[in-house]
There are 2 protein chains.
Amino acid sequence: MSQFSDATALQPDGPGRFRADVHPDWSIAGRTNGGYLLSLLARAATEHAAAEGAATPVPVAAAATYLSPAPPGPASVVVDTLRAGRTTGAYRVRLEAAGEPRVEATVTLGRLSPDAEPFHDAVPQVQLPPAEQCVLLTRKGPGFDVPIMQVVHERLDPACLGWATGSPSGGGELRGHVELADGAPVDPLALLLLVDALPPATFDLGLGGWVPTLQLTAFVRALPSPGPLVVRQLARLVEDGLVDETCDVWDARGRLVATGHQLAGVRMR
Amino acid sequence: MSQFSDATALQPDGPGRFRADVHPDWSIAGRTNGGYLLSLLARAATEHAAAEGAATPVPVAAAATYLSPAPPGPASVVVDTLRAGRTTGAYRVRLEAAGEPRVEATVTLGRLSPDAEPFHDAVPQVQLPPAEQCVLLTRKGPGFDVPIMQVVHERLDPACLGWATGSPSGGGELRGHVELADGAPVDPLALLLLVDALPPATFDLGLGGWVPTLQLTAFVRALPSPGPLVVRQLARLVEDGLVDETCDVWDARGRLVATGHQLAGVRMR
């Protein structure tokens, strides 16, 4: 069992209900990662849909609203079927811990073909040096503990790491090679993690603070091939205490496989 | 009363409940526009939040999942408060018509300052000819009726209108000057309409068919200045019967004020 599948494991607890265990490793400075939580909720949607006999196994879209931080430990997940169709279905999923709602998501399930080819692709893979010339991020963050770096290996382009030494590039873009630390293959659920696993792109703007995600929507666009992936996190607009970021993920073939769009709070020094 | 505020009017119908009237003008070939529906749901969230005493009037994020087409006529809207905070709140909104759920959205309400200035902007306004050199789209679409073009005036760059004469550019991008036809000012609710009001960018790829939105997430990033806006709809990836599009909206000052990201079905001829 991989670390990721272990950390997103669900125990059935009645129709549309699951027990989960929010794992402490998938966190940054004591805060559970939003992409990890989105994966967990989407997994609940897929397991509930399968139990209902749906033939729509892939979370093609997942939109989460973060209500309050989800602490490590026991949690309950409730799934409601909004619509179950032949080619797509929609499910509302809510995670609660200690009696409080933490995250609510709507997950659209569909089907993707392993043989699909792009008809049109306006998002070419970002260029970056080979993995061996990139810098592996470690659990020891800039002044705080980043446990997620032990379970997700992120090798960032040195050109976008100036913030680590006080000289951010100002581009608002982080990019790197990413894989699960235990070598487990990245499936569509893990893609939902990867669209929110890089450090905030605002680090590259000299904004070093915590960037709490308010809303994150991810689209899984293709089934990823085996091997390491390339991820780019881009800050689009920083204004009025908010930032919206777009995160693209390409597989080892260089194909766009997932995109995340998030709105987050940011302290503009 | 403007056409837009009239078409999104809500009658209170008990705590967290409203009656709405889905207006036939905000539609394309008999299908109610998804951006219009998102505006309507977000308005319900703002009115419910105000009734509860919240001081968070702006829908800074709104994520909708479309369950089934919403026909013109009476509809009911139900709002549940997920979290009400001092600076942001989250609300689940559902629209039902004829006893069936049609759209469910999560709306994040916050506050935006009229004096905010961008700290970082990676999305410069798209270049296009002045409005008088652009082409006003009419209700008479390519083989079908497009009533929404009577209430939203869209003047598209002729360079991205080749599809109308059988010669799409292949870029997958539509761009134009947009305003409400009756000259009403565009408020944050109307921005949620505008992120889904242009024709599908897939038209510019020679894919002429209906593009049903599965999921649409919009971020309102700034309060728009008065005057016409510029809108760009871009197809990012078309693959496996799905397209994801990003739509950016700039106000008359050239400032990015809203962005929409959607996943939709597409027939790949």
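I began with charges and counted eight salt bridges between chain B and chain A. For a salt bridge I needed a side-chain nitrogen of Lys or Arg within 4 Å of a carboxyl oxygen of Asp or Glu. One of them joins Asp248(A) to Arg236(B), with the closest N and O atoms 2.8 Å apart.

I noted the ground rules next. This is a predicted model, where local features need pLDDT of at least 70, side-chain atom pairs count only at pLDDT 80 or more, and totals for chains, interfaces and linings use all residues. Residues are numbered from 1 along each chain as its sequence is written, chains are lettered from A in the order in which they are written, and side-chain values use heavy atoms, without hydrogens and water.

Then I looked up the extent of the contact (heavy atoms within 4.5 Å). Chain B gives 57 residues and chain A gives 57 residues. About 4,800 Å² is buried between them, 59% of it on carbon and sulfur atoms. Buried area is the accessible area (1.4 Å probe) that two parts lose on being put together, summed over both.

I checked the strands (DSSP runs of E, at least two residues, numbered from the N terminus). Strand 9 (residues 118-121) of chain A pairs with strand 14 (residues 229-239) of chain B, antiparallel, over three bridges. Pairing takes at least two bridges found by DSSP. His120(A) stands opposite Val238(B) in strand 14 of chain B.

How does the interface of chain B compare with that of chain A? I found that 100% of the interface residues of chain B are also interface residues in chain A, so the copies meet through the same surface.

Conventions:
Helices (H or I, at least four residues) and strands (E, at least two) are DSSP runs, numbered from the N terminus.
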